[in-house]
Amino acid sequence: MPLASTNDCVSAAETGVPTDLELVHRAQAGDMEAFGTLVDRNRRAVFRAALAAVRSAEEADEVAQDTFVTAFQKLDQFRGEAAFRTWLLAIAWRKAIDRRKGITRWLQRLVPSPHTDEGQEPDMTERLPAGDRSQEDALITADLQRRIRTLVATLPPKLRDALLLAGSGEYSYEQIAAMLKVPVGTLKWRVSEARRVLKQKLAAAGYEIG
Amino acid sequence: MKLGNSNTPPEERLDAAIDLVVREMVDVEPRADLRGRVIERLERRDASVGRVFRPGVTWTWLMAPVAAAAVVVLAVVLWWPNQPLVTRAVTQIVVRPVDTRLPPPIPHRDDRPHSASRTPTVTREDRQIAAPVLAETQPGIEVEPLRPIAAITTRPVALRALDTQQIGPLPLAPLAQIAIEPVNSSAGRN
C-alpha cells in the first residue's frame with residue numbers, strides 16, 4: 001500500500017526529486033509549475049477518495065478539480081504539520097460529502113435504479129448444461145460479485161465509506177481515519193462490521209458461508 | 001448456493017470476492033487532463049480577481065482598514081445618545097359616519113398642538129362636543145345623553161361558623177351475624 005508521507009520524508013538532495021513540502025513552499029510563492037506537479041502526484045488519491053463517496057466518475061472528477069483549486073487558495077494555511085496528501089485528502093473528502101448531500105444527488109435517489117432490485121436478477125446457473133462445472137463456477141462468481149456490488153451500495157454510509165476507502169488499497173488506515181475524522185480503532189471496526197453485514201446478507205440470500 | 005468447488009473454504013472465497021468487488025468499485029483512473037484543467041481554472045480566476053488572492057499575498061491585510069472602519073461606525077451607532085421617545089395616545093377612535101355626507105368639522109381647540117397626531121383622535125370631550133353637532137346636522141339620528149350609573153352595592157361576604165364537633169366519621173352500623181351454610185357437594189353436580 002503506497003503511503004503519502006514518503007514523499008515528505010525523503011529529501012530532494014537524496015533523490016533529486018523535490019518533496020511535496022518543497023513543492024508546497026514553491027507553490028506558496030506563486031510557482032504554478034510546482035503546484036501542477038503536486039496535482040499530478042496526488043490526483044489519483046484525490047479522485048478515488050471522491051469516487052468512494054459519490055460513486056460517479058464524472059462527479060468525482062469535478063470534486064477532484066474543486067479540491068485542487070481550493071487547496072491552492074488555502075496553501076498559506078498549510079503549516080506542514082501533517083503530510084500534504086493527508087491535508088489534501090481531508091479537503092477532498094469534505095467536498096465529496098458536501099456533494100453527496102447536495103440536492104442533485106437527492107433528486108437522483110428519487111429515481112430507483114433497476115439494478116438494485118435483487119428480485120429481478122436472473123439466475124445464470126439455470127441456463128447451464130448439466131456437468132459444466134467450470135462455467136457454472138464462473139457464473140456463480142459473476143453473480144456473487146454483482147450481488148456484493150448491490151449490497152455494498154445498500155450499506156450504511158459510515159460502513160460503506162470505510163470499506164471502500166480501506167479496500168481501495170490507496171490509503172493507510174491513518175490517512176483514512178484523518179479523512180473521516182475518527183480514531184483508527186473506530187475505522188477498523190467499521191471495516192470489519194461492513195464485512196460482517198455483507199456476509200450476513202449474502203447468507204440470507206442463499207450463499208453458504210461455511 | 002454453494003460457492004464453487006475449489007479447495008478454499010467458502011468464507012475465504014467470500015472475503016476474496018468482497019475484496020475484489022470493493023477494489024473494482026474504486027479502481028478508476030482520473031482523467032489525464034486534470035492538471036491542465038486545474039491550472040486553467042486557477043489562471044482564469046487569477047485574471048478575473050487579480051493577483052490579490054494569490055496564496056503568497058496576504059490579502060487579508062488589505063481588508064483590515066475596511067474592517068476597522070466598520071467597527072468604528074458600528075460603535076458610534078450603538079453608543080449614540082438615544083432620542084427621547086415620543087409618546088402617543090394609545091387608544092385612537094376613528095369616527096366613520098354611516099351617511100356619505102360628512103358632518104361639519106369639529107371646532108378645533110387652540111390648546112391642542114396641530115402636529116400631535118396624524119390620525120384624528122377623539123377624546124371624551126370631543127364626543128361631548130360632537131354629539132349635539134351630529135344631532136343638529138342629521139335630524140334622523142338621536143343621541144341620548146349619558147345617564148348616571150346607580151351605585152353598585154355588594155353584600156359583605158361572611159363565613160358561617162363551623163362546628164368542628166360535627167365533623168367526623170359516622171359510627172359504623174353493627175354487622176349482622178353472618179351465617180355460613182354448609183356446602184352441599186351433590187347439588188352442583190349434574
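Reply: What follows describes the helix pair and then the chain contact.

This is a predicted model, in which local features need pLDDT of at least 70 and side-chain atom pairs count only at pLDDT 80 or more, whereas totals for chains, interfaces and linings use all residues. Residues are numbered from 1 along each chain as its sequence is written, chains are lettered from A in the order in which they are written, and side-chain values use heavy atoms, without hydrogens or water.

In chain A, helix H6 (residues 84-100) packs against helix H9 (residues 157-167) at an angle of about 135 degrees, the two axes lying 14 Å apart; helices here are DSSP runs of H or I with at least four residues, numbered from the N terminus, and axes are lines fitted to C-alpha atoms over the stretch in contact, with angles from 0 to 180 degrees between N-to-C directions. That angle makes H6(A) oblique to H9(A), because angles under 35 degrees count as roughly parallel, over 145 as roughly antiparallel, 65 to 115 as roughly perpendicular and the rest as oblique. On the H6(A) side, A:Trp93, A:Ile97 and A:Arg100 meet A:Pro157, A:Arg160, A:Asp161 and A:Leu165 of H9(A), where contact means heavy atoms within 4.5 Å.

Between the chains, the contact takes 51 residues from chain A and 38 residues from chain B. There are 12 salt bridges between chain A and chain B, each a side-chain nitrogen of Lys or Arg within 4 Å of a carboxyl oxygen of Asp or Glu. A salt bridge joins the side chains of A:Arg44 and B:Glu29, at 3.4 Å from N to O.

Definitions and conventions. Helices (H or I, at least four residues) and strands (E, at least two) are DSSP runs, numbered from the N terminus.
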